Amino acid sequence: MNKHSIVNVEEHAPGYPVVSVKHPACTAQVALHGAHVMAWCPTGQQQVLYLSPDAVYREGKAIRGGIPICWPWFNAHPSDSSLPSHGLVRNQFWELESTDANEESVVAKLRRTTDQWTVLATIRMGTSLEVAVESTNHSDDTLMISGALHSYFRVGDVREITISGLADTDYLDTVGEHTTRHQTDEVHIDREVDRYYDSSGPVRLEDPVKKRSILIEKEGSPSTVVWNPWIEKAAALSDLPNEDYLAFACIEAAIINDRAVTLNKGETHRFSTRISAE
Ligand code: TA6
């Protein structure tokens, strides 16, 4: 298989390289900034990921949409409010280590390395999409890891979708005063939703408007975050059209800060999400 006819690195904006994949199984785009999957479309299907038309493509600003890699913490830093929300690495350029193409898929590996740690993203794009994040601590200090694969799924109308797989689990409702609640059945979105579910199992998004179903599987993360900003919060986001709260739902493989993983020197942790659509 001629890799060069399938994988190209192009400038999405000046100084902003993106891996562009055109494979028989799918098309996809991965920005080196944040090792950020921007788009993935299995052949013969509709685009699976939401990407804001107002997304900003410059160093230091996370792309609104796709699959942000939130690492090494989730949401606000546990102790330092001066640090950016959702960690450091979604706002930084990563090194493109390799791209390999075979009959089934393309695999891209991107890494960020410092004196203390290395984070490696392995992104497999084919008839399904898998994003895996491996963290390695190579310092003498312990390293606390939390974060999320913060996937934005494109939907026809968020008010019409059904999210299954979270029934009979507890969740932390972070809208307003944080409250632990119990999910008795399927999840529907008719308001701002920002919930951390105690669930490591698969979740299915049914979209009657787009007439499709998206399966989200995960490994190595104990929580599933479901988020939609709804009207008011969407209007406050400058990189999101006001009406686009209707066009996506986030279903995230997450390690919430109070469930952080401790890595000693030489230890590695891996978490991943696998997405398929039908
Ligand atoms: O994952 C849900 C969440 O933490 C929400 O609270 C909201 O802040 C969202 O992430 C988006 O965060 P961002 O920093 O990308 O605007």
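Begin with the lining of the largest pocket, which by class has 12 nonpolar, eight polar and seven charged residues (Ala, Val, Leu, Ile, Met, Phe, Trp, Tyr, Cys and Pro count as nonpolar, Asp, Glu, Lys and Arg as charged, and the others, Gly among them, as polar). The model on your screen is predicted, so local features need pLDDT of at least 70 and side-chain atom pairs count only at pLDDT 80 or more, whereas totals for chains, interfaces and linings use all residues. Residues are numbered from 1 along each chain as its sequence is written, and side-chain values use heavy atoms, with hydrogens and water left out.

Next, select Arg64, Ser85, His86, His150 and Trp227. About 510 Å³ of space lies in this largest pocket, and of the 27 residues that line the pocket, these five, Arg64, Ser85, His86, His150 and Trp227, are the closest to its centre. A pocket here is an open set of points on a 1 Å grid over the protein atoms alone, where a 1.4 Å probe fits and protein lies on both sides within 12 Å along at least five of seven lines, and lining residues have an atom within 4 Å of a point. The volume is the space filled by probe spheres set on the points, which are joined across faces, edges and corners.

Now show the ligand, which takes up the space of the largest pocket (more than half of its atoms lie within 2 Å of the grid points). Around the ligand, with a heavy atom within 4 Å, are residues including Phe74, Asn75, Arg90 and Val225. Turn to the side chains of aspartate 194, where an N or O atom is 2.5 Å from a ligand oxygen, and of glutamate 252, where the corresponding distance is 2.9 Å.

Finally, select tryptophan 71 and proline 72, which are joined by a cis peptide bond with omega about 5 degrees. Asparagine 75 has a positive phi, near 55 degrees. Most residues other than glycine have a negative phi, and most peptide bonds are trans.

How values were computed
Polar contact = N/O pair within 3.5 Å; in protein donor to acceptor, adjacent residues only side chain to side chain.
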